[in-house]
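This briefing is intended for a reader meeting the structure for the first time.

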Amino acid sequence: MNATQELREVEKILKRDFTNEKIISNLYGHIFNTNGKRIRAKLSLISSYGTKSKNRYLLAAVIELLHTATLVHDDVVDDSPERRGKKSVNSMWSNAHGVLIGDYIYSKAFIHMVNIKNIRILEELSSATNDISQGELMQLDALGNLNVTLNKLKKISYFKTGRLFEASARTGGLISKSSIMQLDYLGDCAKNLGILFQIRDDLLDYSIDKRIGKPNFQDLKEGKITYPFYYAYKKANLTQKKELKEALGKKSINQKMILTLIIKLNGIKKTEELASKYQKEAILLAKKIHNLKIQKEMIELIDRSLNRKK
């Protein structure tokens with residue numbers, strides 16, 4: 001089986017976590033009955049090739065639970081109306097429901113994590129969870145900050161997204177007892193993949209395609225300085241800076257006008273170049289992984305992430 005086929009076993013664990021308590025069951029069902037990419041769980045499965053331990057599936061489920069909890073909480077923070085093309089929990093129920101079901105999912109993840117009985121995995125994932133929270137707070141602090149640096153944006157991308165990618169691969173390697181050097185290659189490759197994934201997310205936000213699974217220009221409307229905006233603003237003249245500044249954090253914007261301006265100022269092009277840089281670095285690291293099956297599926301994952309449309 002490849003990682004995509006193995007995800008069915010992970011789905012069984014996620015569905016098994018349903019409770020008889022009606023409100024929790026309704027919320028849980030709404031969240032997990034979606035066609036998410038499960039890329040972090042897939043990373044964990046790929047990185048743990050070489051062992052027959054059933055904990056591989058449990059670990060992948062833990063990764064998916066952790067990621068899902070952060071998404072539910074993100075939607076509350078961002079007041080996002082949609083998630084994966086469906087109404088978000090906070091939109092369909094309330095912010096309180098979003099916070100509490102997110103906490104419930106986190107606690108489920110840690111129950112399973114303890115059951116794996118591997119202290120190094122527990123250390124890695126608890127550290128990653130803490131880093132993700134730091135990333136979210138850093139992004140919150142950077143809202144509307146037109147002076148934010150490129151290095152700060154990269155740091156936010158790592159903590160907010162790259163860190164769980166890195167932890168997914170490293171813990172998968174720990175399950176299969178990979179060497180320290182191979183663990184580093186797995187983790188660093190996945191870290192670069194995660195940052196690439198976040199950069200691609202930033203690009204997809206500047207799209208008028210309705211199929212991406214979330215509202216268009218959502219980041220801009222929330223006042224987030226993402227890579228396309230950063231590069232465009234950096235190159236803009238005073239008049240163009242004023243137009244971009246006025247659009248930032250505004251709920252109603254002229255999407256075509258803003259997109260045309262961002263493109264004209266090379267915001268999209270420079271962001272695509274940055275994505276390509278992380279893709280190449282991730283592939284270089286993937287080629288250092290000894291297990292050829294892992295190497296092949298990692299490279300496929302990296303290429304798909306660069307070219308994804310949603």
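This is a predicted model: local features need pLDDT of at least 70, side-chain atom pairs count only at pLDDT 80 or more; totals for chains, interfaces and linings use all residues.

Arg38 is found in the loop that runs between helix 2 and helix 3 (39-47).

**Positive phi angles**

- Most residues other than glycine have a negative phi.
- Arg38 is not a glycine, yet its phi is positive, at about 55 degrees.
- Arg38 counts as buried because its relative accessibility is 6%, and the cut-off for a buried residue is under 20%.
- Lys117 is likewise a residue other than glycine with a positive phi, near 60 degrees.
- Lys117 is placed in the loop between helix 6 and helix 7, just after the end of helix 6.
- Lys117 has a relative accessible area of 71% and is therefore exposed, the cut-off for that class being over 50%.

**Helix 6 and its surroundings**

- Helix 6 comprises 22 residues, numbered 95-116.
- From its first C-alpha to its last, helix 6 reaches 32 Å, which is close to the 32 Å expected at 1.5 Å a residue.
- The buried residues in helix 6 are Gly98, Ile101, Gly102, Ile105, Tyr106, Lys108, Ala109, His112, Met113 and Ile116.
- These residues lie on the same side of helix 6 because they cover an arc of only 160 degrees around the axis.
- Leu100 and Val114 are exposed, and they are carried on the face of helix 6 turned away from the buried side.
- The cover over the buried residues of helix 6 includes helix 1 (3-16), helix 2 (22-32), helix 4 (55-78), helix 5 (89-92), helix 7 (119-141) and helix 8 (150-175).

**Aromatic pairs**

- Across the whole structure, a search finds 7 aromatic pairs.
- One of them joins Tyr28 and Tyr104, whose ring centres are 6.4 Å apart. The planes of these two rings stand at 90 degrees, so the pair is edge-to-face.
- This pair links distant parts of the chain, since Tyr28 belongs to helix 2 and Tyr104 to helix 6, 76 residues apart.
- Tyr28 has a relative accessible area of 1% and is therefore buried.
- Tyr230 and Tyr231 also form an edge-to-face pair, because their planes meet at 70 degrees; the ring centres are 5.4 Å apart.
- Both Tyr230 and Tyr231 are buried.
- A single aromatic cluster is formed by Tyr28, Phe32 and Tyr104.

**Charges over rings**

- Lys241 lies over the face of Tyr233, and its distance from the ring centre is 5.0 Å.
- Lys277 places its charged end over the ring of Tyr278, at 5.8 Å from the centre of that ring.

**The nonpolar core**

- In soluble globular proteins, nonpolar side chains tend to be buried together.
- In this model, the largest nonpolar core contains 94 residues.
- The residues with the most contacts inside this core are Leu125, Tyr206, Leu220, Phe229, Leu244 and Met298.
- Helix 4 supplies the largest share of the core, namely 11 residues.
- When neighbours within four places in sequence are left aside, Phe229 is in contact with Leu146, Tyr206, Leu220, Leu244, Leu248 and Ile262.

Terms used: Residues are numbered from 1 along each chain as its sequence is written. Side-chain values use heavy atoms; hydrogens and water are left out. Helices (H or I, at least four residues) and strands (E, at least two) are DSSP runs, numbered from the N terminus. The expected span of a helix is 1.5 Å times one less than its number of residues. Buried means under 20% relative accessible area, exposed over 50%, partly exposed in between (1.4 Å probe, protein chains only). The arc is that of the directions from the helix axis to the C-beta atoms. Contact means heavy atoms within 4.5 Å. Rings of Phe, Tyr and Trp (its six-membered ring) pair if their centres lie within 6.5 Å; planes under 30 degrees apart count as stacked, over 60 as edge-to-face and the rest as tilted. A charge sits over a ring if NZ of Lys or CZ of Arg is within 6 Å of the ring centre and within 35 degrees of the ring normal. A nonpolar core is a set of buried Ala, Val, Leu, Ile, Met, Phe, Trp, Tyr and Cys residues joined through side-chain atoms within 4.5 Å.
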